[in-house]
Structure formats: structure tokens, C-alpha cells
Amino acid sequence: MAPSNSSDSSMPAEIPAPYGTGPAAAGSGASAVASTPKPAARIRTHHLQQAKAKGERFAMLTAYEQYTAEIFDQAGIEVLLIGDSASNNVFGNETSLPVTVDELLPLCRAVARSAKRALVVADLPFGSYEVSPEQAVATGVRFLKEGLAHAVKIEGGAFYAGTVRAMVQAGIPVMAHIGFTPQSEHSLGGYRVQGRGDDAARLVEDAVALANAGAFCVLMEMVPAETAAAVDAAIDVPTIGIGAGNATTGQVLVWQDMAGLRGGKMAKFVKQYADLRTTLSEAAKAYADDVRSGQFPGPEHSF
């Protein structure tokens with residue numbers, strides 16, 4: 001999915017930022033402008049909406065630092081998520097609960113500075129939005145202002161509709177997250193599929209309430225495919241799945257799972273597209289062997 005260049009009377013054309021876009025590129029004048037290629041258009045929330053309307057799909061991955069953000073952005077990933085999963089995948093915690101706003105903000109800045117096209121979304125971590133809509137707005141402002149994010153994501157159902165509404169009214173785009181919500185793993189009794197049987201209706205009600213409150217997208221985690229399809233059909237905004245079948249507009253995975261960097265047993269919904277753990281392990285062993293044997297550095301690596 002890519003931003004449409006065709007005329008769309010229902011969607012106003014984006015205008016240049018009125019206060020500039022950062023440091024000027026080298027060179028100036030008409031010749032410099034003419035020789036500078038036009039950058040790829042930034043993915044915006046309305047592009048995701050257009051994707052759903054047109055029956056297109058988009059991809060989302062987590063990113064936590066400069067290089068993966070740059071690589072995924074150039075590969076065409078439409079949405080990058082600075083997930084609270086950094087707690088497990090960057091900071092070495094067992095769950096997402098310990099990570100803090102102050103720990104996530106520098107990661108968010110690194111991703112936002114490195115991604116030239118993707119929509120950058122930041123998770124609001126546990127304890128940073130639940131107290132009140134005012135707390136959520138204040139935290140969301142920090143992620144847009146200090147973290148340079150374009151939108152934020154919060155976990156929870158219809159109970160948080162008022163929170164979403166307050167944030168959207170404050171100018172903070174919100175992605176809602178329902179189904180299995182990792183921040184609530186203790187109250188949910190662990191990692192368990194949500195929305196089975198009679199519980200499916202609750203998820204539909206949650207999604208409708210959050211979309212009506214202004215959420216631009218609803219992410220579903222560990223939800224039966226049939227339930228996810230019912231949610232997608234019930235709301236006009238795009239949906240994103242992770243372990244939620246293929247009826248959603250988008251899909252998301254933790255990049256270390258997708259690329260085979262993390263070891264151990266993978267969740268059922270993970271597909272590994274590479275084996276970076278083995279590649280890096282072999283590279284590290286080869287480097288260590290060369291150092292110990294004196295083969296590195298050789299004359300070609302010396303001054």
C-alpha cells in the first residue's frame with residue numbers, strides 16, 4: 001500500500017509544512033531544487049483509511065533504533081511501532097510491564113529521525129495513561145513532542161473510549177489495541193486467546209466504541225480469525241492483526257521474531273523470514289577465531 005497520487009475530492013491534498021522541515025539540503029536556488037529527487041510521500045493516517053476503503057493491505061513492524069527503522073522504512077513497511085515490547089526485546093525484562101516513558105522516548109526519537117516515509121507509532125507503556133484522560137493526554141503529548149512520534153497506541157476496550165476521545169481532541173492520533181493486551185496479562189490470566197465464543201461480541205463492542213471515540217485504527221492481538229473478521233466488518237477504520245487471521249487491513253510482528261533474532265519457542269502467529277540469530281552467531285565466532293589466530297587485523301586493515 002502506498003499513498004495515492006490521484007485526485008481525491010474527499011481528501012484534501014497535503015500542503016508543505018508551514019515552518020520548514022529541518023536543516024536545508026546542500027545547495028540552493030532553482031538548480032538545486034531541480035536536481036533534488038522528490039522524496040517518497042509520508043504515510044499518514046488517512047492513507048491507512050484509504051487502504052481499507054480500496055481493499056488494500058499494509059505492513060507494520062516494531063523498530064527500536066536507527067538501523068532497523070531505516071532498513072524497514074526503505075523496504076516499504078508502512079507503519080513502524082516503538083512497542084512497549086522493547087521491555088522484552090531491548091531492556092531484557094520478562095514482560096512489557098516494567099518499561100517506562102523515559103526509557104521509550106529515546107528509542108522513539110531514533111526511529112522517528114530515521115524513518116522518512118513510514119508512519120511512526122509509539123506505545124504508551126503501562127501506568128502512563130490509565131489514571132485519567134488528562135494523564136493520557138500529557139503522556140501522548142510527550143511522545144509527539146519529545147519522541148517525535150506521529151501517533152500513539154493504547155491498550156484497552158470500551159472503558160477507554162473517553163480517554164481516546166480526549167487525546168484525539170488534543171490533536172493526538174490514537175491507535176487502539178484490543179483482544180489480548182499484554183499490559184493486562186496478570187488480570188487476563190496469562191497469554192490467552194481473547195474473543196472466543198460469546199466473548200466475541202464484547203470485542204466487537206470494544207472496537208465500535210473506540211472507533212466512534214476517534215481511534216484511527218484498531219489493532220487486535222491473539223483473537224480468533226472469525227472474531228477479527230467480525231470486528232473488521234463492524235467498523236469503518238482499518239484494523240491490524242497479530243495472531244488475528246488475515247481479514248484485517250494490516251499485519252504487525254515484532255521484528256526480532258520476524259527476522260529470527262530472538263531464540264526460543266515462537267508464538268503460533270509468528271512467521272520467521274530470516275535466521276539472523278544464526279547469522280550473527282556465526283559472524284561473531286568467525287571474528288573471535290580470526291582475532292585469536294592473529295588473522296585479524298591483517299595488513300589490509302592496518303595503517
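1. Which residues in helix 5 meet which residues in helix 6? Val101, Asp102, Leu104, Leu105 and Cys108 of helix 5 meet Thr139, Arg142 and Phe143 of helix 6, where contact means heavy atoms within 4.5 Å. This set divides into five nonpolar, one polar and two charged residues. Nonpolar here covers Ala, Val, Leu, Ile, Met, Phe, Trp, Tyr, Cys and Pro; charged covers Asp, Glu, Lys and Arg; the others, Gly among them, count as polar.

2. On the basis of the note: this is a predicted model, in which local features need pLDDT of at least 70 and side-chain atom pairs count only at pLDDT 80 or more, while totals for chains, interfaces and linings use all residues. Residues are numbered from 1 along each chain as its sequence is written, and side-chain values use heavy atoms, with hydrogens and water left out.

3. Overall content. The protein has twelve helices and eight strands; these are DSSP runs numbered from the N terminus, helices being H or I of at least four residues and strands E of at least two. Of its 303 residues, 44% count as buried (buried is under 20% relative accessible area, exposed over 50%, partly exposed in between, with a 1.4 Å probe and protein chains only). Among contacts between residues at least 6 apart in sequence, 60% join residues at least 24 apart.

4. Geometry of helices 5 and 6. The axes of helix 5 and helix 6 (residues 133-145) come within 9 Å and cross at roughly 30°. Axes are lines fitted to C-alpha atoms, for helices over the stretch in contact, and angles run from 0 to 180 degrees between N-to-C directions. Helix 5 and helix 6 are therefore roughly parallel (under 35 degrees; over 145 is roughly antiparallel, 65 to 115 roughly perpendicular, and the rest oblique). Their crossing is right-handed, that is, the near helix is turned clockwise from the far one by less than a right angle.

5. Helices 3 and 5. Helix 5 also packs with helix 3 (residues 66-75), the axes coming within 8 Å and crossing at roughly 35°. This crossing is right-handed. Gln66, Ala69, Glu70 and Asp73 of helix 3 meet Ala110, Val111 and Ser114 of helix 5, a set of three nonpolar, two polar and two charged residues.

6. Helices 7 and 9. Helix 7 (residues 161-169) and helix 9 (residues 200-213) pack at about 20° with axes 8 Å apart, and are therefore roughly parallel. The contact takes in Ala161, Val164, Arg165 and Val168 from helix 7 and Ala209, Leu210, Asn212 and Ala213 from helix 9. Six of these residues are nonpolar, one is polar and one is charged.

7. Core. The largest nonpolar core has 76 residues, of which Leu80, Phe143 and Met167 touch the most other members. Such a core is a set of buried Ala, Val, Leu, Ile, Met, Phe, Trp, Tyr and Cys residues joined through side-chain atoms within 4.5 Å. Helix 5 (residues 101-114) gives the most to this core, with seven residues. Helix 2. In helix 2 (residues 45-54), the buried residues are His47, Leu48, Gln50, Ala51 and Lys52. Their cover includes strand 1 (58-62), strand 2 (79-82), strand 3 (119-123) and helix 10 (225-234). Just after helix 2, Gly55 takes a positive phi of about 75°.

8. Helix 10. Ala229 is found in helix 10 and is partly exposed, with a relative accessible area of 29%.
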